[in-house]
Amino acid sequence: AVVSTQSGHYGRASKKTKKAMESINSRLALVMKSGKFTIGYRSTLKSIRQGKSKLIIIANNTPALRKSEIEYYCMLAKVGVHHYSGSNIDLGTACGKYFRVGCLCITDPGDSDIIRSMPSE
């Protein structure tokens with residue numbers, strides 16, 4: 001799993017959250033390789049509206065209004081929402097991108113079991 005030293009807040013995370021985060025990161029990496037996804041707020045809302053989305057992942061520093069709007073859309077579309085425990089910088093790193101990712105939508109999980117594993121956490 002990718003560990004970001006740039007943000008430096010991993011020292012405070014408990015062992016359980018770190019373990020959960022690593023499993024999410026590895027599943028996310030598998031989705032990036034084998035699945036289909038859209039990155040970004042507008043494309044996420046678009047795919048929810050079209051009914052293509054399976055799971056939405058939101059970074060923890062996404063603005064409250066934006067977060068609640070995505071949650072509302074997901075509730076209407078009956079799509080799962082996962083609140084990623086890292087910031088948008090960490091989420092971008094977990095996706096293997098060199099930019100920040102506030103929210104992403106998984107439309108096809110590929111070989112990953114990320115959709116089945118998320119509601120349990």
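Me: What makes this an open sheet, and in what order do its strands lie?
Reply: The order is E1-E4-E2-E3, with mixed pairing. Strands here are DSSP runs of E, at least two residues long, and helices are runs of H or I of at least four, both numbered from the N terminus. Two strands pair if DSSP finds at least two bridges between them. E1 (36-39) and E3 (80-83) each have a single partner strand, so one side of each lacks a neighbour in the sheet. The average twist between one strand and the next is 20°. This is a predicted model, so local features need pLDDT of at least 70 and side-chain atom pairs 80 or more, while totals for chains, interfaces and linings use all residues. Numbering starts from 1 along each chain as its sequence is written, and side-chain values use heavy atoms, without hydrogens or water.

Me: How do you know that E2 and E3 are paired?
Reply: Four bridges join E2 (residues 55-58) to E3. The definition asks for at least two, so the pair qualifies. The two strands run parallel.

Me: Why is the largest set called a nonpolar core, and which residues touch the most other members?
Reply: A core is a set of buried Ala, Val, Leu, Ile, Met, Phe, Trp, Tyr and Cys residues joined through side-chain atoms within 4.5 Å. The largest has 17 residues; among those touching the most other members are Leu-28, Ile-57 and Leu-104. H1 gives the largest share, five residues. Leu-28 touches Ile-57, Leu-91 and Ile-114, among others, leaving aside residues up to four places away in sequence. A second, separate core of 10 residues includes Ile-58 and Cys-105.

Me: How do you know where the buried residues of H2 lie around its axis?
Reply: In H2 (residues 41-50), Tyr-41, Thr-44, Leu-45, Ser-47 and Ile-48 are buried (under 20% relative accessible area; exposed is over 50%, partly exposed in between; 1.4 Å probe, protein chains only). They fall within an arc of 165°, so they line one face of the helix. The arc is that of the directions from the helix axis to the C-beta atoms. Arg-42 and Arg-49, on the other side, are exposed.

Technical notes. Axes are lines fitted to C-alpha atoms, for helices over the stretch in contact, and angles run from 0 to 180 degrees between N-to-C directions. Contact means heavy atoms within 4.5 Å.
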